[in-house]
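Here are a few exercises on pockets, cavities and surface patches. Keep the viewer open and try each task before reading its solution.

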Amino acid sequence: MADRLRFRPFTGDTEKKIRLKNAPLALVLCQIRWPEFQHLRGDLSETAQAFGSVLEEYPVISNLHEVAYTLTPEGVSQQPGDKIFQWHSIDGVWHISLSRRFVTMYCTTYTSFPEFLERLELVLEAVRAQVKVPLVERVGVRYVNQVTDSRLVENLGEYVRPEVLGYSGLVGMSDDVRLASSANQARYVVDDAALQVRSGIVPPGETVDPAVSPAQVPSWVLDLDASSERVAPFDPSNVLSTAGRLSDFAYDFFKHVSTEGFLREFGDAE
């Protein structure tokens, strides 16, 4: 893909880049959703088989069902929802999921956005050719940063701006006071793009997403979920462009709240 115009709504800086040698990224994900289509109702197995047949780098398969909750006078009942078909790379790093309403690609070891886009382009071409989706209604890009080093978690103010810390930045007078968990949330909107920001302390053994393995120590998470909800004809190049803009949205927020201490700890600033 050709280099794109950078989207920097927080800093306005399109020149300075952050290159982290050891970025604390636990999950990078992109999901494309579409309306319900008649040709995708019922059994999706044949379509999924055709879709999976072109995913040569993802030979490991598995399936699961979404969970549907129904409110009744007797209370909330739980029923199996749509079947989700899944493909994985041999090393377990890259994952693709297909349902009748969405396709998702995510990785748990992230190297670069160009590589992510290259893989996403192949998935989108498979959706166009095999799933034959005419419209898209939502594109989302999500970055989950997780810091597990206790030295960093106990001194977060040296690495991110205090506005992001919420209760994590409130210290008690006694050393006996320990923050076991916390949750802070904000939502930013620029035109048709939205950025949902969640941050906080996650207790040992818990996780913010099933795709992220729970840490066995307290961790601090910065979850950046950028999305655009707009019905448009399905075009892989347009989806890739939207994904790039959403990635920029999340990246610029990260650049805005990171301190020089964070950059020294995890990598170099250019």
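**Exercise 1.** What volume does the second largest pocket have?

*Solution.* Note before you start that this is a predicted model.
Step 1: the volume of the second largest pocket comes to about 620 Å³.
Step 2: its lining counts 22 residues, and Val-153, Glu-154, Ser-168, Arg-178 and Leu-179 are the closest to the pocket's centre.
Step 3: sorted by class, the lining of this pocket holds 12 nonpolar, 7 polar and 3 charged residues.

**Exercise 2.** Find the cavities of 30 Å³ or more: how many are there in the whole structure? Then describe the lining of the largest cavity.

*Solution.* Step 1: searching the whole structure at that threshold gives 1 cavity.
Step 1: the volume of the largest cavity is about 40 Å³.
Step 2: select Val-147, Leu-152, Leu-156, Tyr-159, Val-160, Trp-220, Phe-262 and Phe-266 to see the lining of the largest cavity.
Step 3: classify these residues, and you get 8 nonpolar, no polar and no charged ones.

**Exercise 3.** Which residues make the nonpolar surface patch of about 350 Å²? Take Leu-170 and decide: is it buried or exposed?

*Solution.* Step 1: Tyr-167, Leu-170 and Leu-179 make up the patch.
Step 1: locate Leu-170 in the loop that runs between helix 4 (162–165) and strand 8 (184–190).
Step 2: the relative accessible area of Leu-170 is 64%. Exposed means over 50%, so Leu-170 counts as exposed.

Definitions and conventions
Residues numbered from 1 in each chain as written. Predicted model: local features only at pLDDT ≥ 70, side-chain atom pairs only at ≥ 80, totals over all residues. Heavy atoms only, no water. Patch = residues over 30% accessible without salt bridge, like charges linked within 9 Å, V, L, I, M, F, W, Y side chains within 5 Å. Areas by Shrake-Rupley, 256 points an atom, 1.4 Å probe, with all protein chains shown as cover. Salt bridge = Lys/Arg side-chain N within 4 Å of Asp/Glu carboxyl O. Helix = DSSP H or I, 4+ residues; strand = E, 2+ residues; numbered from the N terminus. Buried < 20%, exposed > 50% of the residue type's maximum accessible area, 1.4 Å probe, protein only. 1 Å grid on protein atoms, 1.4 Å probe; cavity = no way out; pocket = protein on both sides within 12 Å on 5 of 7 lines; lining within 4 Å. Points joined across faces, edges and corners; volume = space filled by probe spheres on them. Nonpolar A, V, L, I, M, F, W, Y, C, P; charged D, E, K, R; others polar.
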